[in-house]
Amino acid sequence: MAEGGFLVKFDGKEVTRCYAVAFDYDDRQYIINGIEKKELPFGIKSITVEIE
């Protein structure tokens with residue numbers, strides 16, 4: 001992202017770049033930029049959010 005943002009990684013693998021990310025562990029979802037909902041993959045050991 002030109003003006004910065006976040007880089008999200010699951011187990012060290014790049015998943016997405018965004019300006020907002022939220023995690024809902026009860027529903028096993030993550031939400032990108034407040035709009036796009038995706039399922040959390042089963043078996044992940046770590047989630048990393050880096051500031052760019």
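Colleague: Leaving aside neighbours within four places in sequence, which residues is Val21 in contact with?

Modeller: In this predicted model, Val21 is in contact with Val8, Ile31 and Val49, once neighbours within four places in sequence are left aside.

Colleague: Where is the place of Val21, by strand?

Modeller: Val21 belongs to strand β3, which covers residues 21-24.

Colleague: And does Val21 count as buried, partly exposed or exposed, and why?

Modeller: Val21 counts as partly exposed because its relative accessibility is 24%, and buried would require a value under 20%.

Colleague: Let us step back to the whole chain. How many helices and strands does the chain have?

Modeller: The chain has 0 helices and 6 strands. Read from the N terminus, the order of elements is β-β-β-β-β-β. The radius of gyration is 11 Å, close to the 10 Å from the globule rule for 52 residues, so the chain is as compact as a globular protein of that length.

Colleague: What box do the C-alpha atoms fill?

Modeller: Along the principal axes, the C-alpha atoms fill a box of roughly 30 × 25 × 10 Å.

Colleague: What percentage of the residues count as buried?

Modeller: Of the 52 residues, 21% count as buried. The accessible surface of the chain is about 3,800 Å², and carbon and sulfur atoms account for 51% of that area.

Colleague: Which residues make up the largest nonpolar core?

Modeller: That core has 6 residues in all: Val8, Phe10, Cys18, Tyr30, Ile32 and Leu40. Strands β1 (6-10) and β4 each supply at least two residues of this core. As a general background, nonpolar side chains tend to be buried together in soluble globular proteins.

Colleague: Take Cys18 from that set. Where is Cys18 found, and is it buried or exposed?

Modeller: Cys18 is found in strand β2, residues 13-18. Cys18 counts as buried because its relative accessibility is 0%. The C-alpha atoms of Cys18 and Ile44 are separated by 20 Å, and these residues lie 26 apart along the chain.

Colleague: Now Tyr30: which residues is it in contact with, leaving aside neighbours within four places in sequence?

Modeller: Tyr30 is in contact with Phe10, Val15, Ala22, Phe23, Glu36, Lys37, Lys38, Glu39 and Leu40. Two of these, Phe10 and Leu40, are also listed with Tyr30 in the largest nonpolar core.

Colleague: And Gln29, which residues does it touch?

Modeller: Not counting residues up to four places away in sequence, Gln29 touches Ala22, Phe23, Asp24, Lys37, Lys38, Glu39 and Leu40. Gln29 sits in strand β4, residues 29-32. With a relative accessibility of 18%, Gln29 counts as buried, because the cut-off for buried is under 20%.

Colleague: Back to β2. What does Thr16 touch?

Modeller: Thr16, which is found in strand β2, touches Phe6, Leu7, Val8 and Ile32, not counting residues up to four places away in sequence. Thr16 is buried, with a relative accessible area of 15%.

Colleague: Changing topic to the backbone: what is phi of Asp11?

Modeller: Asp11 has a positive phi of about 50 degrees, although it is not a glycine. Asp11 is found in the loop between β1 and β2, and counts as partly exposed at 37% relative accessibility.

Colleague: What about phi of Asn33?

Modeller: Phi of Asn33 is near 55 degrees, a positive value in a residue other than glycine. Asn33 lies in the loop between β4 and β5 (36-39). At 23% relative accessibility, Asn33 counts as partly exposed.

Colleague: One more loop residue. Is Tyr25 buried or exposed?

Modeller: Tyr25 is exposed, with a relative accessible area of 55%. Tyr25 lies in the loop between β3 and β4. Leaving aside neighbours within four places in sequence, Tyr25 is in contact with Leu40 and Ile47. From Tyr25 to Glu39, which are 14 residues apart in sequence, the C-alpha to C-alpha separation is 9.9 Å.

Colleague: Finally, how many positive and negative side chains does the chain have?

Modeller: The chain has 7 positive and 10 negative side chains, and the centres of the two sets lie 6 Å apart.

Note on methods. Residues are numbered from 1 along each chain as its sequence is written. This is a predicted model: local features need pLDDT of at least 70, side-chain atom pairs count only at pLDDT 80 or more; totals for chains, interfaces and linings use all residues. Side-chain values use heavy atoms; hydrogens and water are left out. Helices (H or I, at least four residues) and strands (E, at least two) are DSSP runs, numbered from the N terminus. The radius of gyration is taken over C-alpha atoms; the globule rule is 2.2 Å times the number of residues to the power 0.38. Buried means under 20% relative accessible area, exposed over 50%, partly exposed in between (1.4 Å probe, protein chains only). Accessible areas come from the Shrake-Rupley method with a 1.4 Å probe; for residues, only the protein chains shown count as cover. Lys and Arg count as positive and Asp and Glu as negative; His and the chain ends are not counted. The place of a charge is taken as NZ of Lys, CZ of Arg, CG of Asp or CD of Glu. Contact means heavy atoms within 4.5 Å. A nonpolar core is a set of buried Ala, Val, Leu, Ile, Met, Phe, Trp, Tyr and Cys residues joined through side-chain atoms within 4.5 Å.
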